[in-house]
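Here are some notes to read beside the structure. Each point takes up one topic, and the residue names can be followed in the display.

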4 protein chains.
Amino acid sequence: MAPRRARPTVAPEPVATDGTPGRPGAPAQGRELRARGQRTLRRLLDAGVEVFASRGFHAARVDDIVKAAATSHGTFYLYFANKEDLFAALVADVADQISALAAELEPIGPDEEGRRALRSWLAAFTELYERYGPIIRTWTEAEVEPSALGRMGADVLGQLAGALAEHAGQARRNRMDPQVAALALVAMVERLNYFVLSGQVHARRDEMLDLLTEVMVRVLFPPR
Amino acid sequence: MAPRRARPTVAPEPVATDGTPGRPGAPAQGRELRARGQRTLRRLLDAGVEVFASRGFHAARVDDIVKAAATSHGTFYLYFANKEDLFAALVADVADQISALAAELEPIGPDEEGRRALRSWLAAFTELYERYGPIIRTWTEAEVEPSALGRMGADVLGQLAGALAEHAGQARRNRMDPQVAALALVAMVERLNYFVLSGQVHARRDEMLDLLTEVMVRVLFPPR
Amino acid sequence: MAPRRARPTVAPEPVATDGTPGRPGAPAQGRELRARGQRTLRRLLDAGVEVFASRGFHAARVDDIVKAAATSHGTFYLYFANKEDLFAALVADVADQISALAAELEPIGPDEEGRRALRSWLAAFTELYERYGPIIRTWTEAEVEPSALGRMGADVLGQLAGALAEHAGQARRNRMDPQVAALALVAMVERLNYFVLSGQVHARRDEMLDLLTEVMVRVLFPPR
Amino acid sequence: MAPRRARPTVAPEPVATDGTPGRPGAPAQGRELRARGQRTLRRLLDAGVEVFASRGFHAARVDDIVKAAATSHGTFYLYFANKEDLFAALVADVADQISALAAELEPIGPDEEGRRALRSWLAAFTELYERYGPIIRTWTEAEVEPSALGRMGADVLGQLAGALAEHAGQARRNRMDPQVAALALVAMVERLNYFVLSGQVHARRDEMLDLLTEVMVRVLFPPR
DNA sequence: GATGAATGAGAATTCATTCAT
DNA sequence: GATGAATGAATTCTCATTCAT
């Protein structure tokens, strides 16, 4: 896997300097940030990930974010209309990265080669999840009533599932709807990552990757 | 099934009116509840499920719950010490039911019989999930920092996974840690139920059950 | 003049207990206030008049109102959605009273009788203005961009002018549009009341009434 | 007309660039302004009129003004100590022009000549009002507690009334205090201009002028 | 047993003003 | 001379919890 950009820090492109005329309520975000502004924006985005991660969306206070970013309330609202707006920015960011990940998946088969491709793809997902997991999970945060954001979450996982279904055609044999099967697998991957990351399950990262690879192979390419 | 603790339990049995001294902070709960009180308590519990379902724990307001239960704030605090207390009551309820579910699982194998047992167990889970899914999900609500409640969530799914691992000994072959593998499967089951229930995936319930059964069999009992 | 209700205090009817299903955002206002609630509501309305009077709409803080009503922030929002909502309630109240005033005007002519009727009508207006003047003025508060509220102000003064034009038919002689002339007079009455009330002009109330009567007679019934 | 104070004046004359030491708090204003500075100052003053007009003093944000003037916050404070300072500058400007207007009033009598003088004076007022009306009205902005600014408003209208009372001695007959009567008329003139300008009353400008002239003549010079 | 009303601490948001470049 | 960025005090608003009847 070859991430298109450095992952550890939020890439500026998708969030900050897109050409959009400045969505309503994100005052300073439409235009032309100088170096200082860029840095502040970055700090806020990073702080957002961090705080949403540790407290979840609802429990996160703007005050926490602002403190984590070592800036002031006023400044926060210079960049984002409100907490949700910041969250949306992060979501957009993750969505981009997940799309990229989906695009990176190569055709996989039951052979050693396919197994290797699959595992490294899962590793990429895990890496992404380490940074953005909380955001991804929060998407889904307990809302059956689908909000715009909530929907994105499913969409995005759906995208991954789509890529998977497409690249593993053989799963089609048997009575499983490949799309749904793929989604089940993606859901499993996401959850297991979560359990491992949060320490609720004790497993090393490579153990987890091996396991997931094995499970997916068994499901997608049953021996007969 | 035998509830492990004396607590008001929701469905399907009637609310328990034991004489327990009343845990601290749940004022009216220790008392003997007459018919009227019974009904009010039930209404509040049901309202809790409903509201936590649609808004999640943090976003749920006591006001919402009270409205849904067609009662007053004052009354709410007659039955529960606070919002979290209500949630805990529901959680305990679910935990009980899930324990029962775990206990119900029979030994399963790769044959037709095991497949049938597995499927009907999954059906039981789905049924339970239809009512309590939101509570289950809210456990997990976007927090890496593990809160007491959050932990319960994992515990309970862990219990299911434990039962599964135990009753499907054959999975032990190959390099998979059976406990982790079982957890991955349980996680998958939970998530897929969620996606289907929330309408984010379009699949009929029996389709879903077939698929999950198939996946689990493939994972637990790979042909060779 | 015979005011339909006691003026010095806000009449409960138009504001509080109308049959409207509870306009959005005025939580507790839709329904059935008990004695205590009634009193609190009344205190808030009175406080509103007082504070809007002394500081104007924009400069008035909810905090001021709440202090004047000797209650808490929380309580304020139990009765009104926000500051504007309270203001609107007062406006509706005044609008009612002004309509009543307009309806009370009797036919007036150039004779002693008409002069007396006119003067006592002006006295009624002054009395009303003493309580509600600030609200009336704030309506107009510097907004050329007509808001819903702003419009009401003109409407209401227009109503008075309409009544006046109608009851003083003779003004029609000469080139004056009676409606516009009447409005000019009403505007004058309002402003002079304001100047006198605010102490910017030193005149006794009866002097002012005499003067206004005289001016109106001269304008409406010029000797030939 | 002769400005009473050295202050940047808006229209119609060019901005004054006197060397006055600069009143406290208006940083850049004491300095000699070059062409660029001149233009910026003008833009800010114009923007002030515009924004105060549409939103009133309190609701006007420095941000609005700065945007309307197509400049930055920093620049604003280069020219004015604060929002009130800008307002005061505009007020001073209007005060000057109104003083001039007061001075321009010729002796008027009940004859055709006086009527013509009066009407053209009213026309001059209307013209002034078209530009500065909002400022004039904002003076009065809903406060009974007289602020420094609020007082100026009355002063200035009082000045007009004074001039009027002085130049129309005949009003003295009858029981009317000429000063108060004159103020009532001025108040009427101001308000009617407002209603017409804001479109709340539909009348052409010349109709309004005719009407006001007629009313004033009737009041000031009753036939007997 | 129930409820309407009140409370106040806590969180979000705004905006005049200052600062560094 | 100008400006983008930052600031924080002042406000509004929410909501869990308590109280009096």
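1. Start with one residue. A:A70 sits in the loop between α3 and α4 of chain A. This is a predicted model, and in it A:A70 has a positive phi of about 50° although the residue is not a glycine. That deserves a remark, because most residues other than glycine have a negative phi. Is A:A70 buried or exposed? A:A70 is exposed, since 10 other C-beta atoms lie within 10 Å and a residue with 12 or fewer counts as exposed.

2. Chain B shows a positive phi of about 50° at B:A70, again a residue that is not a glycine. B:A70 lies in the loop between α2 and α3 of chain B. With 10 C-beta neighbours inside 10 Å, B:A70 counts as exposed.

3. In chain D, the loop between α2 and α3 holds D:A70. D:A70 is exposed, with 10 other C-beta atoms within 10 Å. D:A70 and D:R42 are 28 residues apart along the chain, and their C-alpha atoms are separated by 12 Å.

4. Now chain A as a whole. How many helices and strands does chain A have? There are nine helices and zero strands, so the order of elements from the N terminus on reads α-α-α-α-α-α-α-α-α. Of the 224 residues of chain A, 46% count as buried.

5. Helix α5 of chain A covers residues 83-104. Its 22 residues, at 1.5 Å a residue, should span 32 Å, and the end C-alpha atoms are 32 Å apart, which agrees. The buried residues in α5(A) include A:L86, A:F87, A:L90, A:V91 and A:I98. A:D93 and A:Q97 are also among the buried residues of α5(A).

6. How do α2(A) and α6(A) pack? Two packed helices are described by the angle between their axes and the distance between the axes. For α2(A) and helix α6 (residues 112-139) of chain A, the angle is about 45° and the axes are 8 Å apart. That angle makes α2(A) oblique to α6(A). The crossing of the two, α2(A) and α6(A), is left-handed.

7. Helix α7 of chain D, residues 178-197, has 20 residues. At 1.5 Å a residue these should span 28 Å, and the end C-alpha atoms are 28 Å apart, which agrees. In α7(D), 18 of the 20 residues are buried, so the helix is largely enclosed by the rest of the structure. D:G199 follows α7(D) and has a positive phi, near 75°.

8. Next, DNA strand E. By class, the surface near DNA strand E has ten nonpolar, 20 polar and eleven charged residues.

9. Last, DNA strand F. Around DNA strand F there are 41 residues, of which A:G37, A:G74, B:N82, D:S72 and D:G74 come nearest. The elements that give two or more residues to the surface near DNA strand F include α2 (35-59) and α4 of chain A, and α1 (35-59) and α3 of chain D. The residues of the surface near DNA strand F divide into ten nonpolar, 20 polar and eleven charged.

Notes
Residues numbered from 1 in each chain as written. Chains lettered and ligands numbered in written order. Predicted model: local features only at pLDDT ≥ 70, side-chain atom pairs only at ≥ 80, totals over all residues. Nonpolar A, V, L, I, M, F, W, Y, C, P; charged D, E, K, R; others polar. Helix = DSSP H or I, 4+ residues; strand = E, 2+ residues; numbered from the N terminus. Expected span 1.5 Å × (residues − 1). Near = placed C-beta within 6 Å. Axes fitted to C-alpha atoms, helices over the stretch in contact; angles between N-to-C directions. Parallel < 35°, antiparallel > 145°, perpendicular 65-115°, else oblique. Left-handed = near helix turned anticlockwise from the far one by under 90°.
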